[in-house]
Amino acid sequence: MIFESYGVDTQRFNSFIESTNYLLRILKYRTPQNNETDLGMQPHTDLTMQSVLHQLNGMEGLVEVKLKNGEWLVLHPSPSFFVVMAGDAFIKVWSNGRIRPCEHRVIMNKAKEIRYSMGLFTFNGDITQMPQELVDDINPLRYKPLFDHFDYLRFYDKEKIRDPVLRVKTYCGI
Ligand SMILES: O=C(O)CCC(=O)C(=O)O
Ligand SMILES: [Fe+2]
């Protein structure tokens, strides 16, 4: 769908999917004790191509995504509710900066029960080449055209740059 909507040659799609690696994680968040604050997950974007999140137990108001205008939107999970989010790599770098990685957070400060969630995270095992179709006079090349996703993970592990814009720019900005 993304390839099509950006007018990118869909022939590339099969090799792109074949080199995708998937990581499925189940997360458990405990309840706060003794007025603990800062419990949950700090605002961040994922280092992935894309992430799919699903909350396993029906607790309201704990996960939020940041909108373009800077406001935080509270999500209301249900058994059929999955959040598909853009990550740093595929989306921001692959799309030449057109698609914004989604900032999100989990706030457990007032939670009365343990929270369980599930995330499916995707990473590209190949060197990704940014499609030429996404570069033109109005959208000049913003990142080095070849992107090594696993090297990007190693870079993060070493440098620990939390700001996603600065992180991507430092790694492969031009
Ligand atoms: O538990 C959640 O809903 C979010 C998890 C998350 O953002 C992550 O693992 O990167
Ligand atoms: Fe995340």
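User: Which residues does the UniProt annotation "domain: Fe2OG dioxygenase" cover?

Analyst: Residues 19-125, according to the UniProt record, which is an unreviewed entry. Keep in mind that this is a predicted model.

User: OK, and how much of residues 19-125 is helix and how much is strand?

Analyst: That span is 7% helix and 43% strand, and its end C-alpha atoms lie 5 Å apart.

User: Switching to the ligand. Which residues are around ligand 1?

Analyst: Arg25, Tyr29, Met41, His44, Asp46, Leu53, His104, Val106, Arg115, Ser117 and Phe121. By class, the shell has 5 nonpolar, 3 polar and 3 charged residues.

User: Which strands each supply at least two residues of that shell?

Analyst: β1 (20-29), β2 (40-44), β7 (104-107) and β8 (115-124). The biggest share comes from β8, with 3 residues.

User: What about polar side-chain atoms and the oxygen atoms of ligand 1, how far apart are they for Ser117?

Analyst: For Ser117 it's 2.6 Å. His104 also has a polar side-chain atom 2.9 Å from an oxygen atom of ligand 1, and for Asp46 the distance is 3.1 Å.

User: And how much of ligand 1 does the protein bury?

Analyst: 95% of the 300 Å² that ligand 1 exposes when taken alone.

User: Last one: which pocket is the space taken by ligand 1?

Analyst: That space is the largest pocket.

Key: Residues numbered from 1 in each chain as written. Chains lettered and ligands numbered in written order. Predicted model: local features only at pLDDT ≥ 70, side-chain atom pairs only at ≥ 80, totals over all residues. Heavy atoms only, no water. Near = heavy atom within 4 Å. Polar contact = N/O pair within 3.5 Å; in protein donor to acceptor, adjacent residues only side chain to side chain. Areas by Shrake-Rupley, 256 points an atom, 1.4 Å probe, with all protein chains shown as cover. 1 Å grid on protein atoms, 1.4 Å probe; cavity = no way out; pocket = protein on both sides within 12 Å on 5 of 7 lines; lining within 4 Å. Sits in = over half its atoms within 2 Å of the grid points. Helix = DSSP H or I, 4+ residues; strand = E, 2+ residues; numbered from the N terminus. Nonpolar A, V, L, I, M, F, W, Y, C, P; charged D, E, K, R; others polar. UniProt positions renumbered as here; feature names shortened; annotations may be inferred.
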